[in-house]
Amino acid sequence: MDNFSGTGTLRRMSVRRAPRRVRRLAALALLAVAPTLAACGGGDDGGESVTVYSGRSEDLIGPILDRFAEETGTSVRVRYGDSAELAVLLAEEGDRTEADLFISQSPGALGYLDGEGLLGTLPQDVLDLAVDGATASDGTWVGLSGRQRVLVYNTDAVDPAELPDSVLDLTDPVWSGRIGVAPSNGSFQDFVSAMRVELGDEATMAWLEGLAANDPVIYANNNAITQAVGRGEVEVGLVNHYYNFRLKEELGDDQRAENHVFPSDDVGSLLIVSGASLVEGADTVDAATELVRFLLAAEAQAYFTDETFEYPLAVGATPNAALPALDFRSADIDYDVLGGDLASTLAMIREAGLEG
């Protein structure tokens, strides 16, 4: 039995894609670990249903999927897992997949599947619900929410005056042994891919090697870094902005950390988009499309920003008042490219000595 749970304008850039066979084999070799699956859920009453593969965790998106099911009567079946692993699973399943909709934590996995020809095309009226730039140029996915890259720092150990003006400055020996990173995390990989587009492979490799030379502390994910910074285990860490907001809400003053936002023209301030896409050949296109529309409507957008401290990406949506104003120019990157050469990005991270 399958294990499911019921429930401003950006400039465009391009980068050469690796051959499909090379990308797929490398991705399978590096990423293919069985996704974590939730328990079986009910709701199969003979009515309309939609099957979702979600790279967003159940605690982040499950409640709003439940709301969709309640309001529409559509049965929602969800397979949760890591976005990259689910993307590889979809590629392996091909036209045998049960998935109708793929929700990704990061654009890299979406770009990978788009390159494999495994994504359907969303209607223009759905794409138009998102702000300019937060959609695929070919209409295969739409952004739901965004997380900005920041440097979280321990307020007891670090004087704000010494914080770097650019993420590139973290190769300075002054930061040796003081930095936490999560090289196996999708958001770090998307950030490195963005750096490749912005600065080129040579400069990106030099930065990765310089970072590795500073003997960073390796963690599994952003949350582990943010917790470690708050405890004083490490002084600074490269993470997404919302982790510290969530921990400060939970721990209050015990979370001894703040976010340092790099300037809007620095690649270190990249806005990473979580997106949704139809799976090519989906059985229930209409229900899946309506779910995407629901995720871009006011209730879901308010949930993303009020409950998870993300930036909403629907036109007219208002960010949580606790969040600093976001200049969308800080996300000046073509999200289409971030998964197009994912295997090469992973190889560069590994070659630099930043494996977890």
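What follows is a working chat about a predicted model of one protein chain.

Colleague: Before we get into detail, how many helices and strands are there in the chain?

Modeller: The secondary structure of this predicted model comes to 12 helices and 11 strands.

Colleague: And what share of the residues count as buried?

Modeller: Of the 356 residues in the protein chain, 58% count as buried. The chain exposes about 14100 Å², and carbon and sulfur atoms supply 47% of that area.

Colleague: Let's go to helix H3, then; why is it described as largely enclosed by the rest of the structure?

Modeller: Helix H3 covers residues 83–93, and because 10 of its 11 residues are buried, the helix is largely enclosed by the rest of the structure.

Colleague: Which residues in H3 are the buried ones?

Modeller: Among them are Ser-83, Ala-84, Glu-85 and Leu-86, and the buried set also includes Leu-89, Leu-90 and Glu-93.

Colleague: What happens at the start of H3, and what comes just after the helix?

Modeller: At the start of H3, a side-chain oxygen of Asp-82 reaches to within 3.0 Å of the backbone nitrogen of Ala-84, while just after the helix Gly-94 takes a positive phi of about 55°.

Colleague: Switching to Asn-222: where does that residue lie, and is it buried or exposed?

Modeller: Asn-222 lies in helix H8, which spans residues 222–231, and the residue counts as buried because its relative accessibility is 2%, where the cut-off for buried is under 20%.

Colleague: Which side chains does the side chain of Asn-222 contact?

Modeller: The Asn-222 side chain makes a polar contact of 3.5 Å with the side chain of Arg-149, and another polar contact, of 3.3 Å, joins it to the side chain of Asn-185.

Colleague: What about charge on the surface, which residues gather in the negative patch?

Modeller: Glu-249, Glu-250, Asp-306 and Glu-307 gather there in a surface patch of negative charge. The elements giving two or more residues to that patch are helix H9 (242–251) and helix H11 (298–308).

Colleague: Take Asp-306, then; where is it placed, and how accessible is it?

Modeller: Asp-306 is placed in helix H11, and its relative accessible area of 42% is why the residue counts as partly exposed.

Colleague: Back in H9, how is Leu-251 classed, and how far is it from Gly-230?

Modeller: Leu-251, which lies in helix H9, counts as partly exposed because its relative accessibility is 36%. Leu-251 and Gly-230 are 21 residues apart in sequence, and their C-alpha atoms are 9.8 Å apart in space.

Definitions and conventions
Residues numbered from 1 in each chain as written. Predicted model: local features only at pLDDT ≥ 70, side-chain atom pairs only at ≥ 80, totals over all residues. Heavy atoms only, no water. Patch = residues over 30% accessible without salt bridge, like charges linked within 9 Å, V, L, I, M, F, W, Y side chains within 5 Å. Areas by Shrake-Rupley, 256 points an atom, 1.4 Å probe, with all protein chains shown as cover. Salt bridge = Lys/Arg side-chain N within 4 Å of Asp/Glu carboxyl O. Lys, Arg positive; Asp, Glu negative; His and termini not counted. Charge placed at Lys NZ, Arg CZ, Asp CG, Glu CD. Helix = DSSP H or I, 4+ residues; strand = E, 2+ residues; numbered from the N terminus. Buried < 20%, exposed > 50% of the residue type's maximum accessible area, 1.4 Å probe, protein only. Polar contact = N/O pair within 3.5 Å; in protein donor to acceptor, adjacent residues only side chain to side chain.
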